[in-house]
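Please keep the sequence and the structure in view while reading.

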Amino acid sequence: MVPRVSCHSVGAGGHICGGGYGLLSRRDGLTVDHLVQVDVATVRGGTAAVTQAHRDDPAGSPEQDLFWAHTGGGGGNFGVVLRYHFAAGIPAPPPRVWLSSVAWPWGELVERPGDFEKLLRNYGEFLAAHSGADEPVYQGLFTLLKLTHHSNGNVVLLSQWDGEDPGPLEDFVAAVESGMETRATVQTQSVAGLLLPYPEKHRQMPWFQATMTLNGSGDNQRGKYKSAYHRVPFDQGHIDALWEWLRRDVEGLDLKQTLVQIDSYGCRINARRPGDTAVPQRDSIMKLQYQTYWTDERKDADHLEYLAGLYRAVYRRTGGVPEIDTDTDGAYVNYPDVDLGTAGQADAAYPRLYYKGGYERLQRAKEYWDGKGVFRHAQSVVAPGG
Ligand SMILES: Cc1cc2nc3c(=O)[nH]c(=O)nc-3n(C[C@H](O)[C@H](O)[C@H](O)COP(=O)(O)OP(=O)(O)OC[C@H]3O[C@@H](n4cnc5c(N)ncnc54)[C@H](O)[C@@H]3O)c2cc1C
């Protein structure tokens, strides 16, 4: 098993080279932490050729740069990956895991604004205390706090716990709702297509069954993602913006499938240094996914505008984006977001927010392997001077 995605319908070709994380990443790191070789078809000099680029190619060689570029540089930039090779001894999946899903009714949270704030503070503080690279108890815990738009009806905390004893899982849920008057119930409303098909809060099952159970992909829909890495618990500005925007209605717009999903992060992900792979965010404790789904294309502009407004409000202090800062640390290339700028735009933020200081090395690989920019898209890596 390589640690990757929560939704099993996600593919491999573009996903792995963007870094890849999933419900076992606090225990086993990112997908690319286990990658050792990529076989890539490039068109260097106008001729198609396959290069086998290995982690142990000579330091500073174009081949090692090409390998490194596929450990987080993102798809569609350097060539076509024909094959990914993973290290011998990749982790075994746990035989069984606990799945837990609890919910707090929005109707009660609206009555008690202090509870919403407490929930966010407790969640962030728990993760700040339990996400170190050598965390002794909670590496096997992965959690997704689904802060839905209020029209959905419930805020959901979905967790996977890799341990026989459910005690630490129960302690975690108790810590998250500590001090709140609103008490968690079992989840009753689906969030973005996902509602666990059993009536209790926690249930143990084989890992593979849990993985299948968590797949909320469902029918094809339209969707928009934005993302952010958070290094520390939320500040008052983040909480106030979330509280205001998640209760805001837009006439004629159904926001039941709109949410800010706060994934746990860290532990073994943070055992790597920023330059080891092209995923430089290696000290975050939370990864935020801003998501909205809909089916009617006439609503495209409204959904995009709402999500952009929510995101700008949360990161108002840092220019409307999760700037490289003490609190936040950029965004994830696998949730590509054109609001962060497009290729060729002088002030585009995406090179900095996705790649931080690693962008220059990606540009070096781009110049050598695809200097003419045959492989390109709205947020390509662009060769220097390109
Ligand atoms: C419902 C849903 C859930 C998700 N959950 C997670 C999650 O839990 N964890 C996570 O890390 N990410 C998650 N993602 C994001 C996911 O990693 C990206 O959408 C990823 O790009 C999907 O990979 P793909 O292979 O389907 O790529 P595609 O969407 O097919 O392509 C993405 C980019 O990669 C390029 N590409 C595709 N194949 C290749 C190849 N062989 N060689 C070179 N370039 C290629 C494409 O040209 C394109 O530019 C999720 C996405 C969705 C829609």
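Ala 192 is buried, because 22 other C-beta atoms lie within 10 Å of its own. The class rests on a count of other C-beta atoms, placed from the backbone, within 10 Å of the residue's own: 20 or more is buried, 12 or fewer is exposed, and anything in between is partly exposed. Ala 192 belongs to the loop between β7 (185–186) and β8 (202–206). Although Ala 192 is not a glycine, its phi is positive, at about 45°.

Cys 267, a residue other than glycine, also has a positive phi, near 55°. Its place is the loop between β10 (258–264) and β11 (286–294). Cys 267 counts as buried because it has 25 C-beta neighbours inside 10 Å.

## Basis of the description

The model is predicted: local features need pLDDT of at least 70, side-chain atom pairs count only at pLDDT 80 or more, and totals for chains, interfaces and linings use all residues. Residue numbers start from 1 along each chain as its sequence is written.

## Overall form

The protein has eleven helices and eleven strands. Helices (H or I, at least four residues) and strands (E, at least two) are DSSP runs, numbered from the N terminus. The C-alpha trace spans about 65 × 45 × 40 Å along its principal axes. For 386 residues, a compact globule would have a radius of gyration near 21 Å, and the protein agrees with this because its own value is 21 Å. The radius is taken over C-alpha atoms, and the globule rule is 2.2 Å times the number of residues to the power 0.38.

Of the 386 residues in the protein, 46% are buried. Among contacts with a separation of 6 or more, 73% join residues 24 or more positions apart. Two residues are in contact if their C-beta atoms, placed from the backbone, lie within 7 Å.

## The shell around the ligand

Which residues come nearest to the ligand? Of the 20 residues around the ligand, these are Gly 11, Gly 13, Gly 14, Gly 75 and Gly 76. A residue is near a molecule or strand if its C-beta atom, placed from the backbone, lies within 6 Å of it.

At least two residues of the shell come from each of α1 (13–16) and β3 (80–86). The element that gives the most is α1, with three residues. By class, the shell holds seven nonpolar, 13 polar and no charged residues. Here Ala, Val, Leu, Ile, Met, Phe, Trp, Tyr, Cys and Pro count as nonpolar, Asp, Glu, Lys and Arg as charged, and the others, Gly among them, as polar.

## Helices α5 and α6

Two packed helices are described by the angle between their axes and the distance between the axes. Helix α5 (residues 113–129) and helix α6 (residues 167–176) have axes that come within 8 Å and cross at roughly 135°. The axes are lines fitted to C-alpha atoms, for helices over the stretch in contact, and angles run from 0 to 180 degrees between N-to-C directions.

The two helices, α5 and α6, are therefore oblique to each other. Angles under 35 degrees count as roughly parallel, over 145 as roughly antiparallel, 65 to 115 as roughly perpendicular and the rest as oblique. From α5, Leu 119, Asn 122, Tyr 123 and Phe 126 meet Phe 172, Ala 175 and Val 176 of α6. This contact has six nonpolar, one polar and no charged residues.

Gly 72 is located in the loop between α3 (62–69) and β3. With 28 other C-beta atoms within 10 Å, Gly 72 is buried. Not counting residues up to four places away in sequence, Gly 72 touches Gly 18, Gly 19, Val 32, Thr 277, Ala 278, Val 279 and Val 333. Gly 132, in the loop between α5 and β5 (141–148), is partly exposed, with 16 other C-beta atoms within 10 Å.

Ala 349 occupies the loop between α9 (300–314) and α10 (350–355). Ala 349 is partly exposed, because 19 other C-beta atoms lie within 10 Å. Gln 379, in the segment after α11 (359–370), counts as buried, with 22 C-beta neighbours inside 10 Å. Leaving aside neighbours within four places in sequence, Gln 379 is in contact with Pro 336, Val 338, Thr 342, Ala 343 and Tyr 350.
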